[in-house]
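Subject: Handing over a structure, with notes

Dear colleague,

I am passing on to you the structure shown here, together with some notes for someone who has not looked at it before. Please keep it open while you read.

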Amino acid sequence: MISDSKQEAYTNDEELITKVGANNVDIIRDWLLKQPHLPKISDKQLVIFLNCCQCKLETTKKMIDAYYTMRTHNPDMFSNRSISELEKTFNIFYFHKMPLLPDGSRAGFSRLRDFNSNVFNTLDTIRLVFAMYDVCIDEDPLAQEWKFVMDMTGFSMGHLTKLTNLTLMKKCMTYVQMALPMRLTAIHFINAPPLANQLMMFLKPIMHKDLYSMISIHPVSDMDSVYKFIPKKYFSSDMGGEAPSFEARKEESQKRFKSYQIFFDNDEKFNRIDESKRIDKNNRFISTNYGLEGSFKKLELD
């Protein structure tokens with residue numbers, strides 16, 4: 001059985017800071033003093049932003065503003081994140097972090113647990129996924145790369161219809177493209193039915209070309225093409241791999257989610273902006289437009 005581990009061990013925030021450079025943290029701290037609308041940000045969270053942006057300072061500043069602005073103006077996606085609110089979604093949708101991959105990258109895995117589209121709720125699924133992203137990022141603040149694996153087994157026209165909520169999906173894509181502090185390098189849709197092409201047609205106009213280019217579609221029964229990127233043994237035992245079963249991972253994810261309840265409560269209470277205190281109102285991340293203003297965060301690997 002494959003065991004899990006953090007990408008890079010650390011014991012305190014000082015060690016984390018050395019990974020991105022104390023000077024870079026100091027520069028961002030000085031900038032934050034001139035941004036009274038932003039909340040207080042921990043050293044660990046600054047390291048997460050800098051690591052994601054490869055210590056590119058201007059990119060980091062834009063991500064910080066986008067991150068907190070979107071969380072403030074989208075309570076539907078980032079509020080009331082408790083197990084009582086999302087337990088039903090855990091029973092409908094699998095989401096877990098895969099074991100550390102041989103190239104040192106991380107991967108998140110998702111798949112329907114209940115194939116009945118009548119019980120599928122797009123907003124609650126987004127809320128759960130973004131909450132679990134927060135957990136994954138906090139657990140591995142120094143992760144150099146992230147891949148997403150979306151198993152489309154059980155995906156039907158009923159699910160597609162619910163996903164094509166343009167306003168909601170624009171908000172979701174804007175957050176992923178501009179504010180999610182993960183260095184995303186690949187998205188794999190596996191066991192994809194023909195409907196996947198219709199989903200891509202819907203998503204393409206609301207995705208930046210850099211993000212869209214990361215997507216690979218792997219048809220049903222074509223896992224060999226997936227294994228070129230992620231070896232078979234890193235998948236769940238339900239799929240012939242050596243990692244824990246879907247149900248074992250579900251239980252693990254729920255326990256991890258519960259252990260982060262104070263984290264979620266504090267995020268909602270403290271990690272919000274005060275627009276009345278924003279000084280440069282002409283240089284604001286316009287979260288209400290949900291368009292593709294600006295460019296996708298540049299996360300190229302050196």
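This is a predicted model: local features need pLDDT of at least 70, side-chain atom pairs count only at pLDDT 80 or more; totals for chains, interfaces and linings use all residues.

Residues are numbered from 1 along each chain as its sequence is written, and side-chain values use heavy atoms, with hydrogens and water left out.

The chain has 14 helices and 5 strands, where helices (H or I, at least four residues) and strands (E, at least two) are DSSP runs numbered from the N terminus. Of its 302 residues, 54% count as buried, which here stands for under 20% relative accessible area, with exposed meaning over 50% and partly exposed in between (1.4 Å probe, protein chains only). Among the contacts with a separation of 6 or more, 79% are between residues 24 or more positions apart, a contact being heavy atoms within 4.5 Å.

The 5 strands of an open sheet follow the order β1-β2-β3-β4-β5, with mixed pairing; two strands pair if DSSP finds at least two bridges between them. Because β1 and β5 (215-219) stand at the edges with a single partner strand each, one side of each is left without a neighbour in the sheet. Neighbouring strands are turned by 15 degrees against each other on average, direction ignored.

Helix α6 (residues 83-90) has Ile-83, Leu-86, Thr-89 and Phe-90 buried. These residues lie on the same side of α6, because they cover an arc of only 115 degrees around the axis, taken from the directions from the helix axis to the C-beta atoms. Ser-84 and Lys-88, on the other side of α6, are exposed. The buried residues of α6 pack against β1 (93-97), α7, α13 and α14 (261-270).

Helix α7 (residues 122-139) also packs with α13 (residues 246-259), at an angle of about 80 degrees and with the axes 11 Å apart. That makes the two helices roughly perpendicular, given that angles of 65 to 115 degrees count as such, those under 35 as roughly parallel, those over 145 as roughly antiparallel and the rest as oblique. Axes are lines fitted to C-alpha atoms, for helices over the stretch in contact, and angles run from 0 to 180 degrees between N-to-C directions. Leu-128, Ala-131, Met-132, Val-135 and Glu-139 of α7 meet Ser-253, Arg-256 and Phe-257 of α13.

With helix α9 (residues 166-178), α7 has its axis within 11 Å and crosses at roughly 10 degrees, so α7 is roughly parallel to α9. Thr-122, Leu-123, Ile-126, Phe-130 and Asp-134 of α7 make this contact with Leu-168, Met-169, Cys-172, Tyr-175 and Val-176 of α9.

Gln-54, although not a glycine, has a positive phi of about 55 degrees; it lies in the loop between α3 (43-52) and α4 (57-73) and, at 17% relative accessibility, counts as buried. Asn-191, in strand β4 (residues 184-192), has a positive phi of about 50 degrees although it is not a glycine either, and at 14% relative accessibility Asn-191 counts as buried.
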